[in-house]
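Subject: Structure for you to look through

Hello,

Here is the structure I said I would pass on. Please open it beside this email and follow along.

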Amino acid sequence: MKEYIGIDIGGTKCAIVRGNEKGQILEKIRFITKDKTTTLQELFKAVRHLWSEQVKAIGVSCGGPLDSKRGIILGPPNLPGWNCVPITELLTQQFNVPAYLENDANACAMAEWHFGAGQGCKNMVFLTFGTGLGAGLIFNGKLYRGASGMAGEVGHIRLFEHGHVGFGKAGSYEGYCSGGGIAQYGLGSAAQLSELAVAGDTSAIKIWEQTGQYLGKLIAILIDILNPDRIVIGSIFIRSGQFMVQAMYQVLETEALSTSQKACTIVPAGLGESLGDTAALCVAMRICT
């Protein structure tokens, strides 16, 4: 069976996995992200440790901006100093197999479409809803990147004229529908806000309801413009969706086109904690590209 190496580069940690074409994780190494030079050295060391003769390609999932066609990381805000890093060229030189790079939202969309909650649909939107807010778009079974590879940056859309800052823009959807945005309410992280809501804290419950309303507005825009079969939502929605869904659907009923809304199911991501690992493997496998 064919095997692949998947590399998930994050601002806090990196994960390197070896897996097979069924999406099964065979081995994994994790370490804390450090400066660029040290992190690259540890990445290459981890790949060597996981290597087998069955490995056919390497996939890298990383936050943008990046150039997926040329395989270059272009200085993501959560990776200071990673300016114009030709990551796929470096990996191919080291290991003599093809290497590919993809935006993490796109990579997660591939994984959920092929192995997770998006199975069986042709047109799918994946919303990250994690530290930030982005989308991966799959139309007619193919990943859609756009003219400059920047398609799906829904967190940059403005919700309010002023307000929480996300994606470098005050009042953006990322400023309200993301972990970074939720923390700006001043009651702690999204995880802490969930704990407060479970305990009956009225302020926390109200914030989650507002977040559900804002999420509903964004999803209504996506449904009206893109008319997808399914919208899959990751991270915070998996853990805390129960506090948001009622308000979200109330907004959808008034904001989205009825026929389009009925054609679209909205579900939490199905791969859970293995999503990032499987996403990097899907980049290597060239799923729906």
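What follows is a short account of what was found in it.

This is a predicted model, in which local features need pLDDT of at least 70 and side-chain atom pairs count only at pLDDT 80 or more, while totals for chains, interfaces and linings use all residues. Residues are numbered from 1 along each chain as its sequence is written, and side-chain values use heavy atoms, with hydrogens and water left out.

The sheet

Five strands form an open sheet in the order β3-β2-β1-β4-β7, and their pairing is mixed. Strands here are DSSP runs of E with at least two residues, helices are runs of H or I with at least four residues, and both are numbered from the N terminus. Two strands pair if DSSP finds at least two bridges between them. At the edges are β3 (25-32) and β7 (99-103), each of which pairs on one side only. On average, neighbouring strands of this sheet are turned by 15 degrees against each other, direction ignored.

Strands β1 (residues 3-9) and β2 (residues 13-20) run antiparallel and are joined by seven bridges. A hairpin of three residues leads from β1 to β2. If you want to find the pairing by eye, Asp-8 stands opposite Ala-15 in β2, and Ile-9 stands opposite Cys-14 in β2.

On its other pairing, β2 meets β3 in the antiparallel sense, over seven bridges. Cys-14 stands opposite Phe-31 in β3. The hairpin formed by β2 and β3 has four residues between the strands, and Gly-23 in the turn has a positive phi of about 80 degrees. Seven of the eight residues of β2 are buried, so this strand counts as mostly covered. Buried means under 20% relative accessible area, exposed means over 50%, and partly exposed is in between (1.4 Å probe, protein chains only).

Contact means heavy atoms within 4.5 Å. Axes are lines fitted to C-alpha atoms, for helices over the stretch in contact, and angles run from 0 to 180 degrees between N-to-C directions. Helix α10 also packs on the sheet, touching β1, β2, β3, β4 and β7, and its direction makes about 125 degrees with that of β1.

Two helices against each other

Two packed helices are described by the angle between their axes and the distance between the axes. For helix α3 (residues 104-115) and helix α10 (residues 275-285), the angle is about 90 degrees and the axes are 8 Å apart. The two helices are therefore roughly perpendicular to each other, a term for angles of 65 to 115 degrees. On the α3 side the contact is made by Ala-107, Cys-108, Met-110, Ala-111, Glu-112 and Phe-115. On the α10 side it is made by Leu-275, Thr-278, Ala-279, Cys-282, Val-283 and Met-285. These residues divide into ten nonpolar, one polar and one charged. Ala, Val, Leu, Ile, Met, Phe, Trp, Tyr, Cys and Pro count as nonpolar, Asp, Glu, Lys and Arg as charged, and the others, Gly among them, as polar.

Thr-278 of α10 is buried, at 3% relative accessibility. Not counting residues up to four places away in sequence, Thr-278 touches Gly-23, Ile-25, Ala-111, Phe-115 and Leu-271.

Cysteines

How many disulfides does a search of the whole structure find? The search finds zero, where a disulfide is a pair of cysteine sulfur atoms within 2.5 Å. The closest cysteine sulfur to that of Cys-121 is in Cys-264, at 9.0 Å, which is too far for a bond. Cys-121 is buried, at 3% relative accessibility. Cys-288 is in no disulfide either, as its nearest cysteine sulfur, that of Cys-282, is 7.8 Å away. Cys-288 is also buried, with a relative accessible area of 9%.

Two glycines in loops

Gly-64 lies in the loop between β4 and β5 (66-67) and is partly exposed, at 26% relative accessibility. Leaving aside neighbours within four places in sequence, Gly-64 is in contact with Pro-76, Pro-77 and Asn-103. Gly-81 is in the loop between β6 (72-73) and α2, and at 45% relative accessibility Gly-81 is partly exposed.

Regards

Conventions:
Parallel < 35°, antiparallel > 145°, perpendicular 65-115°, else oblique.
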